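Trainee: Hi! Could you walk me through this structure, one topic at a time?

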Amino acid sequence: TDCNEYDMIDPSDLDGHPEAYKAYCVHGECSSPNQFPQQWMGMELDDIMHFGGTLKEKEWSYIHDNDLTVRKLYNLPKWGIVYDLGDGSGFYQRSGLKSYCKGK
């Protein structure tokens, strides 16, 4: 998000920036769920995310006591997630981000 400066948008202001986040789903399960409950299919900013497995049971896990939404997760550095560009030849290069962000 950095090369578009979406990271500068306060998560509470995301509703006014549809260019920064748009909920979408590319398969039919989202509109007509057959395998999963409808409440798992929400992808809007404040829909509660579903996590399978035992993560929710772990006391150290954020989702043990809290619901996680896209809005809460939006500010990645707040969560300690930082992309190390290194020399630019790894993920940044292979993902296409380097060429996408060039000149921005």
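Mentor: Let's begin with a term: a salt bridge is a side-chain nitrogen of Lys or Arg within 4 Å of a carboxyl oxygen of Asp or Glu. The side chains of D46 and R71 form one, with 2.7 Å from N to O. Before we go on, this is a predicted model: local features need pLDDT of at least 70 and side-chain atom pairs count only at pLDDT 80 or more, while totals for chains, interfaces and linings use all residues. Residues are numbered from 1 along each chain as its sequence is written, and side-chain values use heavy atoms, leaving out hydrogens and water.

Trainee: Where do D46 and R71 lie?
Mentor: D46 is in the segment before α1 and R71 is in helix α2, so the pair ties together parts that are 25 residues apart in sequence. Helices here are DSSP runs (H or I, at least four residues), as are strands (E, at least two), numbered from the N terminus.

Trainee: How many salt bridges does a search of the whole structure find?
Mentor: The search finds two. In the other, R71 pairs with D15, and the closest N and O atoms are 3.0 Å apart. That pair also links distant parts of the chain: R71 in helix α2 (residues 70–73) and D15 in the segment before α1 (62–65), 56 residues apart.

Trainee: Is R71 buried or exposed?
Mentor: R71 is buried, at 13% relative accessible area. Buried means under 20%, exposed over 50%, and partly exposed in between, using a 1.4 Å probe and protein chains only. D15 is exposed at 58%, and D46 is partly exposed at 48%. Through shared partners, the salt bridges join D15, D46 and R71 into one network.

Trainee: New topic! Which residues does the disulfide join?
Mentor: C3 and C101, with 2.1 Å from S to S. The cut-off for a disulfide is a pair of cysteine sulfur atoms within 2.5 Å. A search of the whole structure finds one disulfide.

Trainee: What about the inside? Which residues make the largest nonpolar core?
Mentor: That core has seven residues: Y6, I9, L14, A20, L45, V70 and Y74. A nonpolar core is a set of buried Ala, Val, Leu, Ile, Met, Phe, Trp, Tyr and Cys residues joined through side-chain atoms within 4.5 Å.

Trainee: What does I9 touch?
Mentor: Leaving aside residues up to four places away in sequence, I9 touches L14, H17, A20 and Y74. Contact means heavy atoms within 4.5 Å.
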